2 protein chains.
Amino acid sequence: MKITKNNENRAILPEPTIRRLPWYLSYVRMLDHLHVEYVSSTQISKELNVQSSQIAKDLSLLNVKGKTRIGYEVSSLVAELEDFLGFNRQHDAVVIGVGSLGTALMQDRGLEHYGLNIVAGFDVRPEVIGQNLGGLPVFDINDLLSWQRDHHVSIAIITVPVDQAQDAADRAIDSGVTALWNFTPYRIKAPQDVVIANTSIYAHLAIIYNRMQQTFIDRE
Amino acid sequence: MKITKNNENRAILPEPTIRRLPWYLSYVRMLDHLHVEYVSSTQISKELNVQSSQIAKDLSLLNVKGKTRIGYEVSSLVAELEDFLGFNRQHDAVVIGVGSLGTALMQDRGLEHYGLNIVAGFDVRPEVIGQNLGGLPVFDINDLLSWQRDHHVSIAIITVPVDQAQDAADRAIDSGVTALWNFTPYRIKAPQDVVIANTSIYAHLAIIYNRMQQTFIDRE
């Protein structure tokens with residue numbers, strides 16, 4: 001595993017590692033709410049079905065040391081994981097495409113606990129432009145460029161219909177956005193230095209359908 | 001690539017292949033709307049940034065043959081991909097946890113184009129039980145078991161708060177559900193024959209934050 005450090009001395013991690021860390025966080029947050037003080041990698045392993053050697057290796061990336069026989073201090077583990085994952089820092093974002101999913105994301109206060117601060121929505125439809133959703137304004141997509149001159153938001157959440165995905169992404173990038181969270185099944189093209197995360201909910205459906213067939217066969 | 005066939009003679013595919021197929025589908029659906037008749041793997045390759053040999057290999061799994069110099073017939077490709085992915089067959093589902101995300105999924109008619117037919121929501125909160133969301137009823141989670149005796153729905157979409165994820169999954173499985181679509185960051189435990197797809201939106205946020213740091217360094 002090749003780990004490089006950035007200027008904040010934070011590791012740049014491979015994707016499988018980053019995917020496991022939020023599992024640990026959601027589990028230790030739960031323990032913290034239950035006022036549990038210590039947790040061992042063996043316990044986490046049992047609970048999450050990840051090998052304990054893998055957990056110890058993943059957690060060794062953080063500024064937290066487990067104590068022999070006692071394990072990790074739960075509250076430090078929560079704080080270190082949140083810090084490491086960036087969930088305790090505010091990242092401003094705009095939603096492009098205020099349909100049902102875009103609206104849900106704008107109204108979901110839960111995302112704030114993961115460092116995502118949605119500040120506005122943008123759309124093309126006159127009937128939603130000018131609305132206020134959960135305290136957040138919806139603007140005309142044509143105003144994104146000028147709006148960004150004052151706001152410099154770096155993340156755009158793309159929740160437009162699939163045939164508008166590339167256009168929405170292009171407008172976002174032109175306005176200075178450096179990261180796209182793409183919820184459409186379209187494969188967005190962007191310059192190398194733009195970060196793209198694809199949350200392919202339709203691909204997940206295809207996987208469910210395909211695996212359900214498999215289960216069906218296995219049971220025959 | 002090991003491919004087994006099920007009783008419908010449909011291939012059980014590895015996850016990376018299943019993830020690419022919806023990209024092809026969204027692109028050829030778009031071409032179909034534009035009344036384009038033929039498309040080559042080279043064209044798809046350019047558009048989606050996937051090697052054309054990979055595309056030809058993926059599409060060879062379908063009952064569709066490309067013609068030399070002309071390519072694939074767009075409308076057949078749409079039909080074959082939809083059939084292959086299961087998007088043209090109805091799969092009934094329930095939503096467990098009718099918060100903002102659960103509500104959005106229940107109201108999103110777009111999912112029907114991907115074969116997902118949500119028929120009801122379930123929740124614990126008296127203020128949402130008995131409501132009607134986009135024509136769909138919301139029931140008490142305690143009634144899931146008896147409701148399922150008449151409905152036999154096989155997919156449960158888990159959109160509850162993270163500390164209720166395992167309980168919601170257990171109730172769904174007890175009621176006869178064989179596939180879980182988990183939107184919580186919790187790692188659900190289930191018997192081997194239950195299909196679980198995790199849509200880890202928080203993991204994607206962590207990846208965005210981490211990669212944004214990377215981009216920042218690269219630019220220095």
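**From salt bridges to the interface**

In chain A, the side chains of D58(A) and R20(A) are joined by a salt bridge, with N and O 2.7 Å apart; the term stands for a side-chain nitrogen of Lys or Arg within 4 Å of a carboxyl oxygen of Asp or Glu. This pair links distant parts of the chain, since D58(A) belongs to helix 3 (residues 52-59) and R20(A) to helix 1 (residues 15-33), 38 residues apart. Helices (H or I, at least four residues) and strands (E, at least two) are DSSP runs, numbered from the N terminus. Both D58(A) and R20(A) are buried, where buried means under 20% relative accessible area, exposed over 50%, and partly exposed in between, with a 1.4 Å probe and protein chains only.

The model is a predicted one, in which local features need pLDDT of at least 70 and side-chain atom pairs count only at pLDDT 80 or more, while totals for chains, interfaces and linings use all residues. Residues are numbered from 1 along each chain as its sequence is written, chains are lettered from A and ligands numbered from 1 in the order in which they are written, and side-chain values use heavy atoms, leaving out hydrogens and water.

Over all chains the structure holds 12 salt bridges. Another of them pairs D83(A) with R89(A), at 3.2 Å between the closest N and O atoms; D83(A) is partly exposed at 28% relative accessibility, and R89(A) is partly exposed at 27%.

With 13% relative accessibility T159(A) counts as buried, and a polar atom of its side chain lies 2.6 Å from the backbone oxygen of G97(A). Leaving aside neighbours within four places in sequence, T159(A) is in contact (heavy atoms within 4.5 Å) with residues including V95(A), L101(A) and F183(A).

Strand 6 (residues 116-123) of chain A has seven of its eight residues buried, so it is largely enclosed by the rest of the structure. Strand 6 of chain A runs parallel to strand 5 (residues 91-96), to which six bridges join it; two strands pair if DSSP finds at least two bridges between them.

In chain B, seven strands form an open sheet of mixed pairing in the order 7-8-6-5-9-10-11. Strand 7 and strand 11 of chain B stand at its edges with a single partner strand each, so one side of each is left without a neighbour in the sheet. Helix 5 of chain B is mostly covered, six of its eight residues being buried, and its cover includes helix 5 (100-107) of chain A as well as strands of chain B, among them strand 5 (91-96) and strand 6 (116-123).

Where the two chains meet, each supplies 68 residues to the contact. The area buried between them, meaning the accessible area (1.4 Å probe) that two parts lose on being put together, summed over both, is about 6700 Å², with carbon and sulfur atoms giving 64%. The rule finds two salt bridges across this interface, and one of them is formed by E47(B) and K189(A), whose closest N and O atoms are 3.5 Å apart. K189(A) lies in the loop between strand 10 (179-182) and strand 11 (195-198) of chain A and E47(B) in helix 2 of chain B, so the pair joins two chains.

How values were computed. Polar contact = N/O pair within 3.5 Å; in protein donor to acceptor, adjacent residues only side chain to side chain.
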